[in-house]
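Here is a short briefing to read alongside the model.

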Amino acid sequence: MRTIQRDIVGAFIFSADNKLLLGKSIDGGVYPDSWIVPGGGVEPGETRADAIKREVLEETGIDISDAVVEEMKDTLHGESEKVLRDTNEKVLVEMKFYNFKVSLAKNSTDIILAHDDDFVQSRWFSSSELKKIKLSPPTMASLKKLGLI
């Protein structure tokens with residue numbers, strides 16, 4: 001199996017009522033059956049800040065241009081098998097994660113979500129619910145650093 005390297009941005013999106021948005025990947029995506037944050041690969045020539053805005057909009061329908069967006073300090077690493085959409089090739093993806101904390105001014109019940117791209121089955125979680133669900137290893141590591149689990 002071929003190995004590819006990707007820089008990945010991820011958005012820890014918090015609503016005004018302090019809920020975190022998580023979702024699951026499409027079939028063939030990374031970390032199947034685990035709850036993950038919206039995000040994706042940084043395109044050539046794109047900054048991480050531009051990539052996080054694009055990915056959040058593509059995957060959730062949320063425009064974070066007016067949100068408080070802070071890049072988190074630690075870079076995480078992970079790997080997962082994935083099926084490439086254009087060729088159906090199964091590859092091992094070695095990833096560097098650059099995460100952002102995004103604070104929205106609206107409550108979770110007032111935010112309309114639109115699924116597209118790789119992010120499906122999204123929902124808002126309270127901090128007490130996070131300990132009861134299957135999280136991807138990088139998501140879990142970041143939530144521990146944020147003191148949420």
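**Pockets, cores and a loop residue**

Gly61, Ile62, Asp63, Asp66, Ala67, Ser103, Leu104, Ala105, Lys106, Asp110, Ile111 and Ile112 line the second largest pocket. Please keep in mind that this is a predicted model.

**Second largest pocket**
- The space in the second largest pocket comes to about 240 Å³.
- Sorted by class, its lining holds six nonpolar, two polar and four charged residues.
- Leu104 is part of this lining, and Leu104 is also among the residues with the most contacts inside the largest nonpolar core.

**Largest pocket**
- The volume of the largest pocket is about 640 Å³.
- A total of 39 residues line the largest pocket, and Val30, Gly39, Gly40, Lys82 and Asp118 are the closest to its centre.
- At least two lining residues come from each of these elements: E1, strand E3 (39–41), H1, strand E4 (68–83), E5 and helix H2 (137–145).
- With six residues, E1 gives the most to this lining.
- The class make-up of the lining is 15 nonpolar, twelve polar and twelve charged residues.

- In soluble globular proteins, nonpolar side chains tend to be buried together.
- Here, the largest nonpolar core has 17 residues, and Ile13, Ile64 and Leu104 have the most contacts inside it.
- Strand E1 (2–14), helix H1 (48–60) and strand E5 (90–103) are elements that each supply at least two residues of this core.
- A separate, second core has twelve residues, including Ile4, Ile36, Met95 and Phe119.
- What does Ile13 touch, once its neighbours within four places in sequence are left aside? Its contacts are Lys19, Leu20, Leu21, Pro38, Val56, Val102, Leu104 and Trp124.

**Glu89, a loop residue**
- Glu89 sits in the loop between E4 and E5.
- Is Glu89 buried, partly exposed or exposed? Glu89 counts as partly exposed because its relative accessibility is 26%, and partly exposed covers the range between the buried limit of under 20% and the exposed limit of over 50%.
- Beyond its neighbours within four places in sequence, Glu89 is in contact with Arg2, Lys82, Val83 and Leu84; of these, Lys82 is also one of the residues closest to the centre of the largest pocket.
- From C-alpha to C-alpha, Glu89 and Thr139 are 25 Å apart in space, and they are 50 residues apart in sequence.

Key: Residues numbered from 1 in each chain as written. Predicted model: local features only at pLDDT ≥ 70, side-chain atom pairs only at ≥ 80, totals over all residues. Heavy atoms only, no water. Core = buried A, V, L, I, M, F, W, Y, C linked by side-chain atoms within 4.5 Å. Buried < 20%, exposed > 50% of the residue type's maximum accessible area, 1.4 Å probe, protein only. Helix = DSSP H or I, 4+ residues; strand = E, 2+ residues; numbered from the N terminus. Contact = heavy atoms within 4.5 Å. 1 Å grid on protein atoms, 1.4 Å probe; cavity = no way out; pocket = protein on both sides within 12 Å on 5 of 7 lines; lining within 4 Å. Points joined across faces, edges and corners; volume = space filled by probe spheres on them. Nonpolar A, V, L, I, M, F, W, Y, C, P; charged D, E, K, R; others polar.
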